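Let's take a walk through this model together. Have the sequence and the 3D view open side by side as you read.

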Amino acid sequence: MLRRTWILFGARLAMARRGGGPIPALLFLSALAAGLALLVRDLLPAFPYAFFALATGALVLGPPLLSDLGAILRQDPGLEWLAALPARATERTLARVLHLGLLLAALVGAWCAPFALLAPEAFGLAARLGLPALALAQGLGLAALLIWAQQLFLARAQALFVLFETALFAGLVIALLALLGRLPELARLTPDAAAIAWLPPAWFATAVVRGGGALVVPAIVCLASVGALLAVPASEQRPGVRRGAFERALEPLRRLARRLWVREEERGAFELVFAALPREREVALRTLPMLGIPLAFLLLGASGAQAPGDAWRGDVLALLLFTVGIYLPLLLTHVPLSETPEAAWILRLAPRTSEALVRGTIKALFVRWLLPLYLGLLILGLALGQGGLIARLWLPATLLGLLLLRALYPRCVRGLPLSKAPDELRVEIDWAGLLSTLAVALTLLAVLANRFLSWPMGLAFALLLAVAERVLSARPSARG
C-alpha cells in the first residue's frame with residue numbers, strides 16, 4: 001500500500017513541476033515574514049510574538065487554500081485514468097493529501113522560519129522549533145475547514161461561494177492591518193486573555209510558549225484535520241459557474257461593444273472569451289475573490305472618514321481608481337485556463353489572424369471584467385459625494401486600465417485563451433518585481449493625479465491615453 005501511494009505521490013509531484021516551481025513564491029513569503037519579524041521582535045514578548053506569527057501565517061495561507069492548494073483535493077484532472085490503475089481509492093486519496101501537505105509545509109516553513117530565527121530572546125530553543133510545527137498543525141486545520149467549505153458550497157451555490165471568498169479576502173486584509181495597527185495592545189496579551197480565547201492562533205501560540213498539556217488541543221485539531229482531508233471526495237470535473245443576474249446585466253455592454261468597438265475579425269474571440277471564461281469555475285475561484293483586497297481598503301477608508309466630502313475618502317477613491325491595474329497580472333495569467341482544454345481547437349482552426357484573436361480577447365476582458373469594476377467605482381464615488389473627483393479622474397483611470405491590459409497581455413498570457421488544464425497552467429512571471437513596480441507606479445500616479453489634475457487636464461490626459469492605446473492596439477504581440 002505504501003509503495004503504491006509513494007509512486008502516485010511522485011507522479012503528482014512530477015506533474016506539478018511542469019507548471020513551474022513554487023520557489024519565487026516561497027522566497028517572497030520569507031522576505032515578507034522576515035520584514036514583519038524584524039518590525040515586531042523588539043515590541044512583543046514571547047506569547048504575543050508567537051500569536052502574531054501564527055495569526056499572520058493563517059491570513060497568508062487563506063488565499064492559496066482557496067485557489068491552487070484547494071484544487072488539489074477538490075478536483076483531480078486524471079481521476080478517470082487513475083481509476084484504471086492497480087491502486088485503491090485509499091492510496092489515491094493518501095497521495096493527494098501528501099501532495100497538499102508537502103505544499104502546505106513549504107508555505108508554512110517559508111513563513112515561520114524567519115519568525116523562529118528572528119524571535120526575541122525570551123523564545124527558547126523548544127519554542128523556536130515548535131513554532132513551525134504548530135503553524136503546520138494550524139494550517140492543516142485551516143485547510144480542512146476551507147476545503148470542506150468549498151466542497152459544500154460548490155456543489156450547491158457556486159456564485160455564493162465566490163461572494164464568500166471575496167468577503168473573506170477583504171476580511172483577511174482588514175485583519176492584517178488591524179494586527180499591525182494595534183501592536184501596543186497586542187504586546188499586553190497573555191495566554192489567559194479572554195479577548196482572544198476563541199481564536200485558534202491563541203491556542204497554538206499558548207502551546208508554543210507553554211508546551212506540555214497545552215499541546216493537547218493542537219494535537220486533536222491536527223488529527224481531526226487530517227481525517228477530514230482524507231474524507232474529501234475528488235471529482236474529475238464539475239460544472240462551471242452558471243449564468244447569473246450579473247452576467248445578464250452586462251448584456252447591454254456586450255452588445256454596445258460589439259456594435260461600436262469590436263471589429264468583424266475580432267468577434268469570434270470576443271464572444272467566446274466574454275461568454276466562456278467567466279463560467280470556468282477555476283478562473284472564477286482564483287481571480288474574482290482578489291477584488292476583496294480593494295474592497296477592504298475602501299471599507300477602511302470609508303470608516304476612517306468623518307464626512308462624505310472628507311479629503312480622506314477622496315484619496316482612497318483616487319487610489320482605487322488608479323490601482324485597479326495591480327489586479328491585471330493575476331487575471332491575465334488565468335486567461336488560458338480551462339477545465340475542457342480540448343475545445344481549444346475551435347480557436348486553433350478558426351479563420352482569423354493571431355492579432356485579431358489577441359485584440360478580441362483583450363476587448364472581452366475589458367468589457368467583462370474591468371469596465372464593470374470601473375462603473376462600480378463610478379457609482380460608489382457619486383454615492384460618497386465625490387462627483388468632482390469622478391469628473392476629473394474616472395475617464396483617465398478607465399483608459400489607463402485598458403492601456404495596461406493591452407500592454408500586460410503579451411507579458412502575462414502564455415497560450416491561447418481557454419486552452420490549458422489547471423495542472424498545465426504555467427506562470428513564469430516575476431510576481432514580486434512586476435506587482436511591486438505596478439503598485440509603486442500606480443500609487444504615485446494616483447497621488448499626482450488627485451492633487452494636480454484639473455477637469456480640463458484630466459480630459460487632455462484621457463485623450464493622450466486613448467491615442468497611446470490606439471497605437472498599441474495596432475501592433476499587439478500575439479501569443480497564439
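Among contacts in the protein chain between residues at least 6 apart in sequence, 86% join residues at least 24 apart. The secondary structure behind this comes to 23 helices and 0 strands. Of the 480 residues in the protein chain, 48% count as buried. The accessible surface of the chain amounts to about 22200 Å², and carbon and sulfur atoms account for 70% of that.

Keep in mind that this is a predicted model. The pLDDT of the protein chain averages 80, and 81% of the residues score at least 70. Over residues 305-309 the pLDDT stays under 50, and the model has 8 contacts for them beyond four places in sequence. Residues 476-480 also have a pLDDT below 50, with 14 contacts in the model beyond near neighbours in sequence.

Which residues touch the most other members of the largest nonpolar core? They are L321, L332 and L365, in a core of 59 residues. The elements that give two or more residues to this core are α14 (267-276), α17 (311-323), α18 (328-333), α20 (354-383), α21 (387-412), α22 (431-452) and α23 (455-473). Of these, α21 gives the most, with 14 residues.

Helix α11 covers residues 216-230, and its 15 residues reach 21 Å from the first C-alpha to the last, close to the 21 Å expected at 1.5 Å a residue. Within α11, P218, S225 and L229 are buried. Looking down the axis of α11, you will find that the buried residues fall within an arc of 30 degrees, so they line one face of the helix. The face turned away from that buried side carries the exposed residues I220 and L223. As background, an α-helix has 3.6 residues a turn, so residues three or four places apart point the same way.

Finally, two individual residues are worth a stop. L418 lies in the loop between α21 and α22. L418 has a positive phi of about 55 degrees although it is not a glycine. Is L418 buried or exposed? With a relative accessible area of 8%, L418 is buried, because the cut-off for buried is under 20%.

The other stop is A439, which has its place in helix α22. A439 counts as partly exposed, at 24% relative accessibility. Where does the chain come back to A439? Look for I326: A439 and I326 are 113 residues apart along the chain, yet their C-alpha atoms are separated by 6.2 Å.

Conventions
Residues are numbered from 1 along each chain as its sequence is written. This is a predicted model: local features need pLDDT of at least 70, side-chain atom pairs count only at pLDDT 80 or more; totals for chains, interfaces and linings use all residues. Side-chain values use heavy atoms; hydrogens and water are left out. Helices (H or I, at least four residues) and strands (E, at least two) are DSSP runs, numbered from the N terminus. The expected span of a helix is 1.5 Å times one less than its number of residues. Buried means under 20% relative accessible area, exposed over 50%, partly exposed in between (1.4 Å probe, protein chains only). The arc is that of the directions from the helix axis to the C-beta atoms. A nonpolar core is a set of buried Ala, Val, Leu, Ile, Met, Phe, Trp, Tyr and Cys residues joined through side-chain atoms within 4.5 Å. Contact means heavy atoms within 4.5 Å. Accessible areas come from the Shrake-Rupley method with a 1.4 Å probe; for residues, only the protein chains shown count as cover. pLDDT is the predictor's confidence in each residue, from 0 to 100.
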